[in-house]
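This report goes through the aromatic pairs, nonpolar cores and surface of one protein model. The sequence and structure come first.

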Amino acid sequence: DGCGHTVLGPESGTLASINYPQTSPNSTVCEWEIRVKPGQRVQLKFGDFDIDDSDACHSSYLRVHNGIGPTRTEIGKYCGFGFQMDGLITSKGNEITVQFMSGTHTSGRGFLAAYSTTDKSDLITCLDNASHFSEPEFNKYCPAGCVIPFADISGTIPHGYRDSSSLCMAGVHAGVVSNTLGGQINVVISKGIPYYEGSLANNVTSKAGLLSTSLFTFKTSGCYGTLGMESGVIPDTQITASSILEWSDQTGQVNVWKPENARLKRVGPPWAAFISDEHQWLQIDLNKEKRITGIVTTGSTLAEYYYYVSAYRILYSDDAQKWTVYREPGMEKDKIFQGNTELYQEVRNNFIPPIIARFFRINPLKWHQKIAMKVELLGCQFSIGRAPKITMPPPPQNKNDNKNDDFSDDLIHSVKTSLQTDKTTFTPEIKNTTVTPSVTKDVALAAVLVPVLVMVFTTLILILVCAWHWRNRKKKTEGTYDLPYWDRAGWWKGMKQFLPTKSAEHEETPVRYSSSEMSHLRPREVPTMLQTESAEYAQPLVGGIVGTLHQRSTFKPEEGKEASYADLDPYNSPIQEVYHAYAEPLPITGPEYATPIIMDMSSHTSTPLGVPSISTFKAAGNQAPPLVGTYNKLLSRTDSTSSAQALYDTPKGQPGPGAANELVYQVPQSVAHSAGSKDE
């Protein structure tokens with residue numbers, strides 16, 4: 001009478017003293033005989049141990065034996081309050097006996113232990129939770145029987161479970177392991193959330209929980225998708241039932257609760273059976289074999305009709321003729337699934353191992369008022385082909401039995417290895433193969449080639465951009481004596497309208513101003529713009545407008561008012577010796593004189609072409625400001641046709657060598673040249 005919570009599975013299990021975790025009663029005894037498969041050994045691990053040791057383990061203790069029965073041998077005898085046993089107790093064979101004795105005592109919780117075969121080296125107990133492990137991800141083996149009434153869990157899938165929850169009990173709730181078989185769990189730790197929802201699944205109730213530092217989830221195969229009841233992938237014609245509830249309400253309206261109404265989360269009435277007994281069923285045709293891993297159910301979801309199914313069985317078939325009742329491995333009884341406890345809440349149950357079938361049938365066993373429910377199936381496509389059935393040909397009659405056996409072995413070997421149709425009498429049939437091998441190879445090849453091609457094209461683009469950028473940088477850093485890159489394009493042509501026209505000759509060729517050349521040109525062909533290269537001296541600050549020349553002068557005009565100027569002379573200023581209105585001399589390295597101006601005589605109608613022109617140089621009456629550098633000497637340039645002819649004409653007022661045919665240019669004033677060019 002001293003046995004408490006006990007589940008003894010074929011490979012693992014859980015056992016506890018009576019009334020655990022409360023104080024066990026006096027004078028009680030219990031023995032557990034554990035047997036696993038031959039060739040294996042048993043290991044025992046304690047999750048909690050608290051037995052009175054006031055009499056030195058005389059009346060209260062826990063004793064472990066190798067073997068079962070009279071031939072057993074003792075491994076050890078244990079007692080103590082809060083006794084910590086870090087290691088495992090291992091048997092020598094496949095059998096072990098655990099004996100608990102409780103004498104007279106006033107305190108002590110007793111014990112809770114788990115066992116498994118020795119190949120489960122990562123065995124834990126039902127009391128271990130996520131806070132006991134520091135790794136962010138780990139694998140553990142949960143024993144059978146971890147659905148215990150004295151442990152709590154908070155959370156649900158897929159959001160996760162609170163870190164204070166029992167790992168194995170949460171694994172049963174999530175459908176990762178079976179409570180009657182146990183199994184391996186793969187746990188992942190992550191940051192906690194503010195609130196954990198509660199739910200009912202696999203006969204485990206998860207409570208709502210508050211914020212925690214961390215939470216844990218389970219890695220699974222991923223075969224938990226919906227199979228089409230809610231979405232409508234399964235058509236109405238593939239949902240049938242044993243009977244249909246049909247009735248008229250007070251208004252005379254006929255209500256029919258058909259089987260196609262049994263779609264989870266679908267608004268409206270559910271499916272309901274006309275007769276409520278244990279022979280009713282709801283059947284779903286999946287059109288082909290599927291891997292079914294779970295089911296979710298609700299009640300009527302109508303407040304005025306408080307109907308739901310509280311327990312049911314599951315049957316499955318390949319042809320809808322021969323049905324198999326679902327049982328857990330190693331069990332001789334049909335598995336009874338816990339259903340709903342009210343009409344709204346969704347209750348989930350998982351199948352471990354999964355069901356492989358096309359036809360799925362629910363058989364209600366218990367209900368509230370009437371049989372009524374909505375369902376959804378969980379699972380995925382079944383893509384593993386079944387092994388072909390081998391039809392053996394009749395053995396040869398003229399050969400002995402040994403030869404017949406050799407023939408059969410050879411035939412089976414040939415079918416297993418090559419499946420060649422010419423060596424067999426059947427055609428192998430593989431059902432529900434979702435992805436052919438060639439498609440799989442193509443997908444894998446594409447998954448490799450696409451990123452490689454993207455990287456190659458990206459590299460080429462980066463190389464081109466860098467080369468283009470380097471070329472522009474190189475052009476910008478060209479030498480001073482080379483043409484800049486923008487002068488080689490058409491940009492310079494657009495800027496010519498803002499600058500004087502460039503000379504037709506090369507910039508190194510001397511500029512000649514021959515009167516003979518000017519006389520051969522028609523009046524309209526005389527250029528109206530100053531022809532020169534880029535200015536080698538500061539731009540003049542001339543404020544007035546030369547109306548006759550249609551060009552601003554670079555030198556100060558003659559004193560007094562001239563007929564060729566339309567505006568007032570901007571140089572008549574009471575302040576003398578200020579020469580800011582015309583160009584300043586250039587540095588020593590620059591030219592020593594200003595470029596002369598070619599006048600447009602065709603637009604000057606008041607003066608004939610042969611009349612001497614007005615000088616653009618300062619008159620001798622006003623002393624020119626002192627020049628900087630070597631501006632006291634003029635350079636003479638000769639005409640290409642007449643080397644003896646002077647490039648510049650004589651001063652104003654004196655007859656020149658060709659006054660009627662040539663333009664007259666005033667020689668600038670300078671100290672060194674005053675003897676030969678003075679006007680007065």
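## Aromatic pairs and nonpolar cores

Phe351 and Phe360 are both buried. The model they belong to is a predicted one. Together, Phe351 and Phe360 make a tilted aromatic pair, with 6.0 Å from centre to centre and 50 degrees between the planes. A pair of aromatic rings is described by the distance of the centres and the angle of the planes.

The protein has 20 aromatic pairs by the rule used here. One of them is formed by Tyr161 and Phe216: the ring centres are 5.8 Å apart and the planes meet at 25 degrees, so this pair counts as stacked. Tyr161 lies in strand 12 (residues 160–162) and Phe216 in strand 18 (residues 214–218), so that the pair links distant parts of the chain, 55 residues apart. Both of these residues, Tyr161 and Phe216, are buried. The two pairs are set out below.

| Pair | Centre distance | Plane angle | Class |
|---|---|---|---|
| Tyr161 and Phe216 | 5.8 Å | 25 degrees | stacked |
| Phe351 and Phe360 | 6.0 Å | 50 degrees | tilted |

Elsewhere, one aromatic cluster is made up of Trp32, Phe46, Phe49, Phe100 and Phe111.

Phe351 and Phe360 also belong to the largest nonpolar core, which has 27 residues; along with Ile314 and Ile362, they have the most contacts inside it. Two or more residues of this core come from each of strand 20 (239–241), strand 24 (282–298), strand 25 (308–317), strand 28 (347–368) and strand 29 (372–381). Leaving aside residues up to four places away in sequence, Phe351 touches Ile292, Thr293, Gly294, Ile295, Ile314, Tyr326, Phe337 and Phe360.

In soluble globular proteins, nonpolar side chains tend to be buried together. There is also a nonpolar patch on the surface, formed by Val448, Leu449, Val452, Leu453, Val456, Phe457, Leu460 and Ile463, with about 750 Å² of accessible area together. Leu453, one of the patch residues, is located in helix 3 (residues 437–476).

For the protein as a whole, there are 6 helices and 29 strands. Of its 680 residues, 38% count as buried. The protein exposes about 39,300 Å², of which carbon and sulfur atoms supply 55%. Among contacts between residues at least 6 apart in sequence, 74% join residues at least 24 apart.

Conventions. Residues are numbered from 1 along each chain as its sequence is written. This is a predicted model: local features need pLDDT of at least 70, side-chain atom pairs count only at pLDDT 80 or more; totals for chains, interfaces and linings use all residues. Side-chain values use heavy atoms; hydrogens and water are left out. Helices (H or I, at least four residues) and strands (E, at least two) are DSSP runs, numbered from the N terminus. Buried means under 20% relative accessible area, exposed over 50%, partly exposed in between (1.4 Å probe, protein chains only). Contact means heavy atoms within 4.5 Å. Accessible areas come from the Shrake-Rupley method with a 1.4 Å probe; for residues, only the protein chains shown count as cover. A nonpolar core is a set of buried Ala, Val, Leu, Ile, Met, Phe, Trp, Tyr and Cys residues joined through side-chain atoms within 4.5 Å. Patches are made of residues with over 30% relative accessible area and no salt bridge: like charges are joined within 9 Å, nonpolar side chains (Val, Leu, Ile, Met, Phe, Trp, Tyr) within 5 Å. A salt bridge is a side-chain nitrogen of Lys or Arg within 4 Å of a carboxyl oxygen of Asp or Glu. Rings of Phe, Tyr and Trp (its six-membered ring) pair if their centres lie within 6.5 Å; planes under 30 degrees apart count as stacked, over 60 as edge-to-face and the rest as tilted.
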